[in-house]
Amino acid sequence: MSQEQPRRDEKLQQPRQNDEQLETVTYGDVFNVSGDLAANPIAPEDARMMGSAESRVLGQVPQAGPADVMRAAAAHNVQVGLLSSRDVSDVAKNQGINISETDVPGARLVTECVAGQVVGQYLDTTMASGVGTPEQNVITIGQALEAACQTIGNKPVEQSDAAAIQAAEVRATGNNVISPGGLAATAQAAATFNARMDRDEDKIKLSYVLTGATEKLTTDKAVSRQDAEGVMIAELRNNPSLTAHPGGVAASITAAARLNEGDAEGMESAEPKNNPSPTTHPDGLAASIIASSELNEGGAGI
């Protein structure tokens, strides 16, 4: 008893000095994800898998991109003894990590996913030939909607999607009247139908609405920052959680506007949580983890 008492007192005192370090860093802490993925700790093998995918597709591992954030978070989880250096999460092992590319004028839209949920989205202009005219290199609203279709086409249409699509169509055509059989009318009908369905497999998906969006619009135009703001507001106002879906309609319109406005230089990433293209916030948890891991040379790496 006399030997056990001091040890117990030591354990009670030590966590008070490092309460934050003893917390597991989960996917939900650093990315705008939900469900089982959000609750899963980020594991070292997850980070390695994402790093390999980025190297294969992008030719590099972008600084402060998803793989870099995952590496830092996993190193933290290993350092505090919550995971081993060879651990892999069930969601990554069973549902996979993948990167998809969508060609847009003058660039490509790169979307990174874990277990089917978007954890990062980039506009990569490094592959552009640079020989097109400015008119050829701008992204139109129709093309941005088609990019959203390729990214999250399997997502059931919700009211927030329908509202964003309607806002996009109004800005593309300059007409506030919803055209029967048009994108907005089809999206609204799909959202109304889906609200009565219990199972996702019975619901109408975004791919049904947005496939061939450019041809379905009576007129089209290059995406502007004002267009992106209008679509974003429409999606946020019609989502009970007041967030935009990662890689969704508002996110794709916003990404297109950034490229058209000349804000994208190489690969551009954006902020997490309420941001439609989530990676890391410079002052957020993920950035703090990265800074801590870089300063702690003696910590466990992966």
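User: How many residues are in the chain, and what percentage of them are buried?

Analyst: The chain has 302 residues, and 47% of these are buried. Buried means under 20% relative accessible area, exposed means over 50%, and partly exposed lies in between, with a 1.4 Å probe and protein chains only. This is a predicted model, in which local features need pLDDT of at least 70, side-chain atom pairs count only at pLDDT 80 or more, and totals for chains, interfaces and linings use all residues. Residues are numbered from 1 along each chain as its sequence is written, and side-chain values use heavy atoms, with hydrogens and water left out.

User: Why is Glu45 called buried?

Analyst: Its relative accessibility is 16%, and the cut-off is under 20%. Glu45 therefore counts as buried. Glu45 lies in helix α4, residues 44-58. Helices here are DSSP runs of H or I with at least four residues, strands are runs of E with at least two, and both are numbered from the N terminus.

User: What makes the pair Glu45 and Arg86 a polar contact?

Analyst: Their side chains are joined at 3.1 Å. A polar contact is a pair of N or O atoms within 3.5 Å; within protein, one must be able to donate a hydrogen and the other to accept it, and residues adjacent in sequence count only if both atoms are side-chain atoms. Leaving aside neighbours within four places in sequence, Glu45 is in contact (heavy atoms within 4.5 Å) with Ser85, Arg86, Asp87 and Val88.

User: Why is Gly65 called buried?

Analyst: Gly65 has a relative accessible area of 1%, so it is buried. Gly65 sits in the loop between α4 and α5 (66-79). Not counting residues up to four places away in sequence, Gly65 touches Glu54 and Tyr122. Gly65 and Tyr122 are 57 residues apart in sequence, with 9.2 Å between their C-alpha atoms.

User: Why are α8 and α14 called oblique to each other?

Analyst: The axes of α8 (residues 141-152) and α14 (residues 249-260) come within 8 Å and cross at roughly 130 degrees. Axes are lines fitted to C-alpha atoms, for helices over the stretch in contact, and angles run from 0 to 180 degrees between N-to-C directions. Angles under 35 degrees count as roughly parallel, over 145 as roughly antiparallel, 65 to 115 as roughly perpendicular and the rest as oblique. The two helices, α8 and α14, are therefore oblique.

User: Which residues of α8 and α14 meet?

Analyst: Ile141, Ala144, Leu145, Ala147 and Ala148 of α8 meet Val249, Ser252, Ile253 and Ala256 of α14.
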